[in-house]
Amino acid sequence: MLTQTVAGRTYDFSHAVGGRYIGQPCSLAMGSGDLVYALLRGSELIGNVPWNRTGSGSRVAKITIPTEPGDEEVLSEFGKYGDGEGEFIWPTGMALDDKENVYVTDEWMNRVSAFDKEGNFQGLWGTTGEGDGEFNGPAGIAVDQDGNLFIVDSRNHRVQKMAKDGRFLAKWGRLGSGEGELDSPWGITIDHQGFVYVADHKNHRAQKFTPEGEFVASFGREGSGQGELNRPTDVAVDPEGDVYVCDWANNRVLAFAPDGDYITSFIGDAERLAMWHQQTVDANADVIKARRRVSTLEPEWRLAMPRAVAFDDEKGRLIIADSQRGRFQIYNKVKGYMEPQFNL
């Protein structure tokens with residue numbers, strides 16, 4: 001459904017952005033204006049572009065995503081596969097501070113790398129372990145209004161609060177399925193009031209906490225039906241307090257009201273190929289013929305293991321990292337939507 005109105009909200013599918021410049025997006029963060037930072041892994045860049053590198057393709061790409069399809073552009077990229085300074089083995093989460101400095105977690109190296117907005121390496125910190133400031137599979141990362149980092153320490157089943165220079169500040173969470181307990185948590189976000197939301201991966205829910213780690217609310221339960229989740233990987237919150245959870249194993253994103261009531265699901269509506277995908281198809285006559293022989297192209301419209309989600313407050317749009325399809329799918333949250341009158 002390209003446009004859906006439910007519970008007083010209207011979501012309208014806009015377009016998809018992806019193709020040969022985008023590998024497997026595993027995190028994204030909103031920059032200023034049309035700028036989106038995308039954390040990518042899993043494939044090499046292809047094409048004669050000045051930032052082309054060799055290796056696995058682990059990198060951060062700076063992409064402009066305007067409101068009109070076809071105007072997107074890759075501006076630059078930084079980082080590469082490796083275990084040196086400014087390199088990643090298995091990057092997982094990414095966040096920006098108010099100066100658009102970039103912080104990237106590496107769950108293989110158990111560390112956080114910092115870059116400035118131009119991609120210049122600034123430093124790294126973190127070691128393997130269970131102690132304060134140590135990590136075992138750091139995943140999601142978020143920055144609060146004071147510039148502190150909240151890092152999901154996934155296999156230690158906790159969240160750690162740290163300064164931007166790596167100093168340990170606080171921690172909360174433990175393994176379990178009760179309120180406030182976590183099992184292999186993944187994504188994280190902070191809303192405009194400072195509340196912290198965590199995608200509780202193996203507990204099949206998202207949880208809301210105070211900045212001090214006190215449990216506030218839970219969203220979703222295990223399953224594949226309405227309002228149910230299967231291994232969620234990320235969470236986002238819009239200015240009205242609606243909560244969006246990346247339902248990874250169910251191939252969708254779920255929307256919840258601030259009180260936890262289920263609103264709707266996004267399953268993917270990319271009926272038209274993204275610009276860079278279309279260019280790849282147009283360059284191969286055999287692919288064009290093969291696409292015309294299938295009974296339906298609908299499967300490629302849909303999300304496939306979406307990994308991350310973000311809400312663009314400035315433009316009022318939800319951006320979903322459609323990881324296995326190498327693209328982003330974008331939905332506008334429309335205010336003042338009026339149904340057309342067809343009986344006049």
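Modeller: We will take a few labels and test each against its cut-off. Keep in mind that this is a predicted model.

Colleague: Why is D247 called buried?

Modeller: Buried means under 20% relative accessible area. D247 has 0% relative accessibility, so D247 counts as buried. This residue is found in strand β26, residues 243-247.

Colleague: Which residues does D247 touch, leaving out those up to four places away in sequence?

Modeller: D247 touches E228, L229 and N230, and also R252, V253 and L254. A contact here means heavy atoms within 4.5 Å.

Colleague: What makes β20 and β21 a pair?

Modeller: Pairing needs at least two bridges between the strands. Strand β20, residues 196-200, and β21 have 5 bridges, in the antiparallel sense. For one of the bridges, V198 has Q207 in β21 as its partner.

Colleague: What do β20 and β21 form, and which turn residue has a positive phi?

Modeller: They form a hairpin with 4 residues between them. H204 in the turn has a positive phi of about 55 degrees.

Colleague: How do you know that β21 also pairs with β22?

Modeller: Use the cut-off of at least two bridges again. β21 and β22, residues 215-219, have 4 bridges, so they count as a pair, and the sense is antiparallel. A206 has F219 in β22 as its bridge partner. These strands form a hairpin with 5 residues between them, and G213 in the turn has a positive phi of about 95 degrees.

Colleague: What holds paired strands of a sheet together?

Modeller: Strands of a sheet pair through backbone hydrogen bonds, either parallel or antiparallel.

Colleague: Why are β9 and β12 called edge strands?

Modeller: Start with the sheet. 4 strands form an open sheet in the order β9-β10-β11-β12, with antiparallel pairing. β9 (91-96) and β12 (121-125) each pair on one side only, and they are the edge strands. The twist averages 20 degrees from one strand to the next.

Colleague: How many bridges join β9 to β10?

Modeller: 4 bridges join them, and the two strands run antiparallel. M94 stands opposite V104 in β10.

Terms used. Residues numbered from 1 in each chain as written. Predicted model: local features only at pLDDT ≥ 70, side-chain atom pairs only at ≥ 80, totals over all residues. Heavy atoms only, no water. Axes fitted to C-alpha atoms, helices over the stretch in contact; angles between N-to-C directions. Buried < 20%, exposed > 50% of the residue type's maximum accessible area, 1.4 Å probe, protein only.
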